[in-house]
Amino acid sequence: MDAKEACGVFGVFAPGRPVAHLTFDGLYALQHRGQESAGMAVSDGDLITVMKDMGLVTTVFDERKLSGLRGHLAIGHTRYSTAGSSDWINAQPVFRGVGRAGFGLAHNGNLTNTDELAGLANMLPGLVSSDSDLVAELLGQAFPIDDPERTRAQHAGDLEQALMDVLPKVEGAFSFVLMDADRIIGIRDPNGFRPLCLGRLEATDEFEQGWVLASESPALDVIGATFIRELEPGEMVIIDGKEIRSERPFPDERLDPRLCIFEFVYFARPDTTLYGNEVHGARRRMGQLLATQRPVAGDLVMGVPESGVPAAEGYALGSGIPYGQGLVKNRYIGRTFIAPTQAERANGVRRKLNPLRENIAGKRVIVVDDSIVRGTTTRAMVKMLREAGALEVHLRISSPPFQWPCYYGIDTPDRTELLAAIKTLDEIVEYLNVDSLEYLSLEHLVEAIQAPGAGFCDACLTGNYPVPVQVKVAITERPSVAASAGSAPA
Ligand code: SF4
């Protein structure tokens, strides 16, 4: 997929333990959610220290820096920009000092009413550097009028109270992790667009019990925390001691669970638990169901590394056609390849993938990928397979056609660049130069996730946006949307 994820968030409350090192490990496990900048804020109960910079987690932090970050609680962030430019100024956590208090904020998501919020904060929309900064500004303004006599202890409930005031005004997608000197707080928006889970560090002879918040459960595993549960949409969890408290800052009528369905298809790690299920199993089932939709004769089922691989394994299982590796990924290139033009994106495929010619030559290959956004990289990949000697290339996509931009925290191109929005299925087959093409149906996608009754956002597939957004309708005529095309003798 050539859309970018948008941020991983992490928080830990663990007196006595090396919280900066734990945050580093947690962020490293969430690196796939954002590779532009990384940062953390650590509190020792007196002083909050923020360290952030552009680059990967391992670029921003080293042992020397981590050992200087001492405290009993911390929050962290990895960023890919969706709102706000890719600059140091927008790296997170965002910090605000208010009187003798201060707080840090880390955000995964994208707000949809920033102009309105900028008005409330008396900021000109053009001066807002990011939607996360805007929320921090509103929270700072909601703190009690600064009184120099007010002690730190008297500030204790200020952040929580400011959140109760400000959160009901905020719309869009947001999983927040915040901290002040003495507590960490986790929040999921009323739709739960982005994931956020809670874990526990068990008490030992050496340490008392601690708590962890993370975008995805592998960030708990990596520091030895036990997964407790996913936060509920609209829930705010406050952690300032051995016990945790849960609050509901949003009115009931706004609660409407809509976890991003693409977390299952692509964004989340395969070992992440969402809606009670491991993502890898869901991806395999997507492939199995895809195999039943429009069978095709083939010699080899292969996945596009790495996110297409579990669905390809499932496809092989469902079709009875052998699974094999057809492409090798340069494991050092990272998950995204940042290239500003279509031509550079296409060239980027060669840096990222290389064909296994002996496995492909003379074969009818069934290639399984998770999605097609612009189609540029898919087209280059198909060309590569044909040059490597593939007799036929049948493309199978483990999600429905991606036709609408995301406004909830994923960086997708404008609608005029989305392949499935600007071409019919037959035109896509011709453009990609494949022998046949089949997309997984939305019904099968939901079935594969195996979370009966759960709510999803599927706006990029259906155009049904659960929270109103300003959609620029650049395309007046929609192409006919079928789920398959091309000549594919069964
Ligand atoms: S529009 Fe698509 S990518 Fe964005 S939150 Fe909804 S399902 Fe996820």
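This is a predicted model: local features need pLDDT of at least 70, side-chain atom pairs count only at pLDDT 80 or more; totals for chains, interfaces and linings use all residues.
Student: Hi! Let's start with the open sheet of seven strands; what's the strand order?

Tutor: Hello! The order is β3-β2-β4-β1-β10-β9-β11, and the pairing is antiparallel.

Student: Which strands sit at the edges?

Tutor: Those are β3, residues 48-54, and β11, residues 226-230. Each of these two pairs on one side only.

Student: And how are neighbouring strands turned against each other on average?

Tutor: By 15 degrees, with direction ignored.

Student: Can we zoom in on β9 and β10? How many bridges join them?

Tutor: Five bridges join β9 (197-201) to β10 (210-214), and the two strands run antiparallel. As an example to look up, L198 has L213 of β10 as its bridge partner.

Student: Which helix packs on that sheet, touching β9 among others?

Tutor: That's helix α1, residues 19-29. Besides β9, α1 touches β1 (8-13), β2 (37-43) and β4 (73-79). The direction of α1 makes about 25 degrees with that of β4.

Student: Nice. On to the open sheet of six strands; what's the order there?

Tutor: Here you read β5-β6-β7-β8-β12-β13, with antiparallel pairing. The edge strands are β5 (94-98) and β13 (244-247), each with pairing on one side only. On average, neighbouring strands in this sheet are turned by 20 degrees against each other, direction ignored.

Student: Which residues of β13 stand opposite M236 and I239?

Tutor: M236 stands opposite E247, while I239 stands opposite I244.

Student: What about helices here? Which strands does α5 lie across?

Tutor: Helix α5 (131-142) lies across β5, β6 (101-111) and β7 (172-179). Relative to β6, α5 runs at about 140 degrees.

Student: And which strands does α6 touch?

Tutor: Helix α6, residues 158-166, packs on the sheet and touches β6, β7, β8 (184-188), β12 and β13. The angle between the direction of α6 and that of β12 is about 175 degrees.

Student: Changing topic: at what angle do α9 and α16 cross?

Tutor: Roughly 145 degrees, with the axes of α9 (279-293) and α16 (442-449) coming within 8 Å.

Student: Left-handed or right-handed?

Tutor: The crossing of α9 and α16 is right-handed.

Student: Which residues make the contact?

Tutor: From α9 you have A282, R285, M286, L289, T292 and Q293. From α16 come H444, L445, E447, A448 and I449. By class, the residues of this contact divide into six nonpolar, three polar and two charged.

Student: Which residues are closest to the centre of the largest one?

Tutor: R194, C260, C406, C457 and C460 are the closest, out of 17 lining residues.

Student: Which elements give two or more residues to that lining?

Tutor: Helices α8 (262-267) and α17 (459-462) do.

Student: And how does the lining split by class?

Tutor: The lining of the largest cavity has 15 nonpolar residues, one polar and one charged.

Student: Great, thanks! I'll go and look at the cavity in the viewer.

How values were computed. Residues are numbered from 1 along each chain as its sequence is written. Side-chain values use heavy atoms; hydrogens and water are left out. Axes are lines fitted to C-alpha atoms, for helices over the stretch in contact, and angles run from 0 to 180 degrees between N-to-C directions. Helices (H or I, at least four residues) and strands (E, at least two) are DSSP runs, numbered from the N terminus. A crossing is left-handed if the near helix is turned anticlockwise from the far one by less than a right angle, and right-handed if clockwise. Contact means heavy atoms within 4.5 Å. Ala, Val, Leu, Ile, Met, Phe, Trp, Tyr, Cys and Pro count as nonpolar, Asp, Glu, Lys and Arg as charged, and the others, Gly among them, as polar. On a 1 Å grid over the protein atoms alone, a cavity is a set of points where a 1.4 Å probe fits but cannot get out, and a pocket is an open set with protein on both sides within 12 Å along at least five of seven lines; lining residues have an atom within 4 Å of a point. Two strands pair if DSSP finds at least two bridges between them.
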